[in-house]
Amino acid sequence: MLATSALAFSVSLAAVASGFSFTFTSEPQQCANLSISITGAGTPPYSVLIIPYGPSPLPNNVEARTIVYEQFPGNSSSVSFQLKYPSTSQFVAVVSDSSGFGTGGTSVAATVMSSSDSTCYNATNNVSPDFPFNIDPPNQVVQCSPSRLWWNPSQVQGTVSFQGVIPGGQSFAVPAGTPSQVADEGTGFNWTASVRAGTTLILVAGDGRGLGTGGSGLYNVAAGLYPNSSCLTDTSPSSTAGPPAGGSYPTDASGDQTPGGGGSHSSNVGAIVGGVIGGLAFAAILIVAGFYIIKRRSSSSNKERPVDLLHGDPDDTDQALAPDLPEYRPEPFLATEPTDASARQPDETGRLSVAGSRYGGLSDRPSSTISLSEIQSARSGTPDRDTRTGSGPSGSMVTSSRKPPQPRQLRPVNIIQHEDAGSPEADAETIELPPAYTNIRKTT
């Protein structure tokens, strides 16, 4: 079956390569004559298949369009017939010659323009094909997966055939398999869709009365739950196989035209996609660069600075927090001689008793006596008044001071030398003895 399908595709492509196509020589209009002419060298006789596309524009979705299969007269290269389609409806045209189906190309969905004549169709009655066909699984075509096409044999005349139409792409004849009878499914055959996933596909059924007598079905080829591409080849049809045929014709209700040319113009889809991808990539680069610059600036402005308690931040303009205040100026610790006379009382040994405290009295604190020489040696590194030491008549230590011309204002400081109290004295153990009764005298 796959070999038969590939052979049918090859025949169709070979005919297309022969260089014949078609052109709409009149604008499609409601109830007006549609004219088509052949361009290039084909093999007559020619034929055209007009297939309704998309929903019906009539009220209540009434479908008044039928599939039109029109043969060119004799060996003529042109044909004209009435298009019995309502305005704003769409159709797809496929032209063939004697070498096979779709050899002249397939148009994209063309739009029917309005006219003053609307008597060619009944806007209240739905039309139906001579025989309906069915597909199983219902309403779907899956890439490289078998489907069963079947019909009621009592409704057909002659041999049933199917055609695959891809708007704007390659159309082909569906290879007929061996007919079989299935209960509740009538007569039919299996067909493996060698069409790429994502392709818009129209299946058209016909019999001995002509193409399209069995109606048509519109499908979007699916990839399936487990995609299979084993049946695909380089020549497998798709929606983007080539430029659409038919020349210039309207494709929407506003009258926009196709580029035209029946295959003489190359497709610019690749250029458009490339431009879009390039623009998106450039925008992404700009966004990343912008984030990098912003982050770098924020990190450079937030670098850590050493904390200076004496000098303010250069960026700080608040003068109320200026550090140049007297209480915040550094000053050395200067220990001076006691100024309280009661705190300097020499004892008999010539040592100076230092008492008193800025924290209170020393009645509950141990104290000691130190000599002035010890005080001076302990304060040798501290600037102080000149102090001279001499010996008095009684052997006591006498000091005299000479004030400098400009004495420095120093804070009065009391020095307290605390001594270790030593190990506590153990209380004497008291031993109680019972009375000896030695002082008891005998009574007479």
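How many disulfides does the structure hold? The structure holds two disulfides, a disulfide being a pair of cysteine sulfur atoms within 2.5 Å.

This is a predicted model, in which local features need pLDDT of at least 70 and side-chain atom pairs count only at pLDDT 80 or more, while totals for chains, interfaces and linings use all residues. Residues are numbered from 1 along each chain as its sequence is written, and side-chain values use heavy atoms, with hydrogens and water left out.

The chain contains three helices and 20 strands, taken as DSSP runs numbered from the N terminus (helices H or I, at least four residues; strands E, at least two). Of its 444 residues, 33% are buried, where buried means under 20% relative accessible area, exposed over 50% and partly exposed in between, with a 1.4 Å probe and protein chains only.

The two links compare as follows.

| Disulfide | S to S distance | Torsion about S-S |
|---|---|---|
| C31 and C120 | 1.8 Å | about -75 degrees |
| C144 and C231 | 1.9 Å | -90 degrees |

The disulfide of C31 and C120 is left-handed. C31 lies in the loop between β1 (20–24) and β2 (33–40) and C120 in the loop between β7 (110–111) and β8 (133–136), so this pair ties together parts that are 89 residues apart in sequence. C31 counts as buried because its relative accessibility is 7%, and C120, at 15%, counts as buried as well.

The link of C144 and C231 is also left-handed. It joins distant parts of the chain, with C144 in the loop between β8 and β9 (146–151) and C231 in the loop between β15 and α2, 87 residues apart; both cysteines are buried.

The loop between β15 and α2 (269–301) also holds S238, which counts as buried because its relative accessibility is 12%. Leaving aside neighbours within four places in sequence, S238 is in contact (heavy atoms within 4.5 Å) with I166, G169, Q170, R196 and T199. The C-alpha atoms of S238 and S171, 67 residues apart along the chain, are separated by 9.1 Å.

The largest pocket is lined by 18 residues, among which P52, E63, R65, I67 and S216 lie nearest its centre. A pocket here is an open set of points on a 1 Å grid over the protein atoms alone, where a 1.4 Å probe fits, with protein on both sides within 12 Å along at least five of seven lines; lining residues have an atom within 4 Å of a point. β3 (47–53) and β15 (216–220) each supply at least two lining residues, and the largest share, three residues, comes from β15.
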